[in-house]
Amino acid sequence: MIILRNWFTTHKFQVQTLAFGLMIVTPVLMFIAAQGEDVVWIWVLLGLFGVGNLLALSVP
Amino acid sequence: MFSFFLALAPIALIIILMIGFRWGAARAGAAGYLSALFIAIFFFGAGPILLAYAHARALLFALDVLFIIWAAFLLYRVADEAGAIRTIGQALPHLTADRGMQALIIGWAFASFLQGVGGFGVPVAVIAPILIGLGFTPLLAVVIPSLGHGWAVSFGSLGSSYQALMSVTGISTDVLAPPAALLLSIACLVTGYSVVHAAGGWAAVRRLVLPVLIMWFVMGSVHLLIGVSPIWNIAGFCAGLAGLLVAYPLARRWRSGDGKPSNSPGETSDYGILDRRALAVALSGYTILIILTLGIQIIPPVSDFLGQVVIQINFPEVSTAAGYVIPAGAGRKIPLFRHAGAILTYATLLAYLVYRKAGCYKPGAPKRILSGMVERVMASSVSIASMVSMAVVMENSGMTETLARGLAEAMGWAYPLIAPWIGGLGAFMTGSNTNSNVVFGALQQRMAELLGISVAVILAAQTAGAGLASVLAPTKIVVGTSTAGMAGREGEVMRKLIGYTVLILLLASLLTVMILWIFP
């Protein structure tokens, strides 16, 4: 746990960049998926957006 | 009742994490978003299509805000690398050595002026580095302009928030302006004393009673008179400009900081000789910003020309399983070349050329300006993306509506007291007076009609509460902390701001009741 925490601390910028990237790209894809009423893809993309937030939450 | 507490949970979680546990906005925002998403899906019946469109709407809102943050930070780096921030910081004590007076001029009058011409978070983003250059702590450098510009938000940004309220309610400015302008003009006095108190405690408040009163009288009167006139859209700008003009003679009179007025007009002080040319060059970046903003916003042909390219998406009608309907309509409109962020970018480029022509840069300056910038704004960008998504998911799933209705039903006859707090709640969640007015304007109007009280006064309380409380919004605090070099310490800013904001909102509640007697 402490090793993981240290890793997130030392790679703060990379983790936050990945989190931000996920939060910017997935809504665009969600919009496209919603227009095609592709529900499965929307859930997958919502999951990825959630992962972005989990990454942001993990940086001490 | 259960729904009300569920809807409240994400906001309460953010407040507890930021204030109680001193988490940064990026972490607290992510926690708030995840909780809002969970509650929206499992308790408010938000389906995948609704959520997908909600996230797309949120992306537009987030980009709207991030454009300003990135551009404001770039302007700050261009000015800082040229030594402009340091020069301004060294020059102001020549005008006045009084810390409270410095806070009043920069953090109240200048912040109000910038709010008048600029937009979301620009006053705090621009002023925080200047105050740090003057020797204020980064915490106070964010807190002071945050407090100072809150009263000017509703009629600021060239009246965009006020315009949004009129659009969603259909109430004309003839009816709405008198109570709204009056309420905010009175609140201006409290924000002035709050600025002085934050800067120097009660001793500064006692020392500067008169300058605050004079500046308030001028700014408040101008705000009120122009707010009720046909040119209400420049009320905030004119009030801030009037405040700056009256501040100059006041600063020269209260220049010593010992509490006694001074009449010595010399340019030499304990701080050495003032280099007027260096100061003019240093201020040129911000002068360019002001001229460009005014030119682009006020001259219709320029505004129309730059407003031709617009990013906007049309969204279809969607509804939750519980029957809450989001009507079809266009999302956030982003005029790409007329946006506040675009204007900041133009100002940045011109300022860079002026500073370079004046020989302010050492070799390798462009690389130093850009290096580290992305790293500095990344945490802020993550938190904005999370919090805006949370706010839009809450709004689109009916959680925001549930919160407002719960508050209204709980208060009953005492509703006027809570009206500014509902506006404040919307601004806290979205970081925007405009968004709060869009979300809660129609609800407040309906509540006033049901209770048989003045719709105009309740709507005035809505926009005033939203403007005054918007300074406490995490998304807005992040803007300030990003340029003050204290990203991740947003909880400290919120702790410092919350007491002042609650006091100002309490005053807004009392004023709402009093104004109801005047405009029954």
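**Note on helix packing, core and chain contact in a predicted model**

1. Helix α6 of chain B passes helix α7 of chain B in a right-handed crossing, where a crossing is called right-handed if the near helix is turned clockwise from the far one by less than a right angle, and left-handed if anticlockwise. This is a predicted model, in which local features need pLDDT of at least 70 and side-chain atom pairs count only at pLDDT 80 or more, while totals for chains, interfaces and linings use all residues. Residues are numbered from 1 along each chain as its sequence is written, and chains are lettered from A and ligands numbered from 1 in the order in which they are written.

2. Helices here are DSSP runs (H or I, at least four residues), numbered from the N terminus, and strands are runs of E with at least two. α6(B) and α7(B), the latter covering residues 138-149, pack at an angle of about 135° with their axes 8 Å apart, the axes being lines fitted to C-alpha atoms over the stretch in contact, with angles from 0 to 180 degrees between N-to-C directions. That angle makes α6(B) oblique to α7(B), given that angles under 35 degrees count as roughly parallel, over 145 as roughly antiparallel, 65 to 115 as roughly perpendicular and the rest as oblique.

3. Among the residues that α6(B) brings to α7(B) are B:I127 and B:L131, and among those they meet on the α7(B) side are B:I144 and B:H149; two residues are in contact if their C-beta atoms, placed from the backbone, lie within 7 Å. The residues of this contact divide into twelve nonpolar, two polar and no charged, where Ala, Val, Leu, Ile, Met, Phe, Trp, Tyr, Cys and Pro count as nonpolar, Asp, Glu, Lys and Arg as charged, and the others, Gly among them, as polar.

4. α6(B), residues 122-133, also packs with helix α21(B), residues 474-483, at an angle of about 30° and with the axes 8 Å apart, and the two are therefore roughly parallel to each other. This crossing, too, is right-handed. B:V124, B:A125, B:A128 and B:P129 of α6(B) meet B:V479, B:G480 and B:T483 of α21(B), a contact that divides into five nonpolar, two polar and no charged residues.

5. The largest nonpolar core has 209 residues, and B:A72, B:L104, B:I144 and B:L183 have the most contacts inside it; such a core is a set of buried Ala, Val, Leu, Ile, Met, Phe, Trp, Tyr and Cys residues joined through C-beta atoms within 7 Å. Helix α3 of chain B, residues 48-81, gives the most to this core, with 24 residues. Setting aside residues up to four places away in sequence, B:L104 touches, among others, B:V195, B:L208 and B:M215.

6. B:G24 lies in the loop between α1 and α2 of chain B and counts as buried because it has 26 C-beta neighbours inside 10 Å (buried means 20 or more other C-beta atoms within 10 Å, exposed 12 or fewer, and partly exposed in between). Apart from neighbours within four places in sequence, its contacts are B:A379, B:G488, B:R489, B:E490 and B:G491.

7. Between the chains, 24 residues of chain A are in contact with 23 residues of chain B. On the chain A side, the elements that give two or more residues are α2 (12-35) and α3 (39-58), and the largest share, 13 residues, comes from α2(A). That side divides into 19 nonpolar, four polar and one charged.
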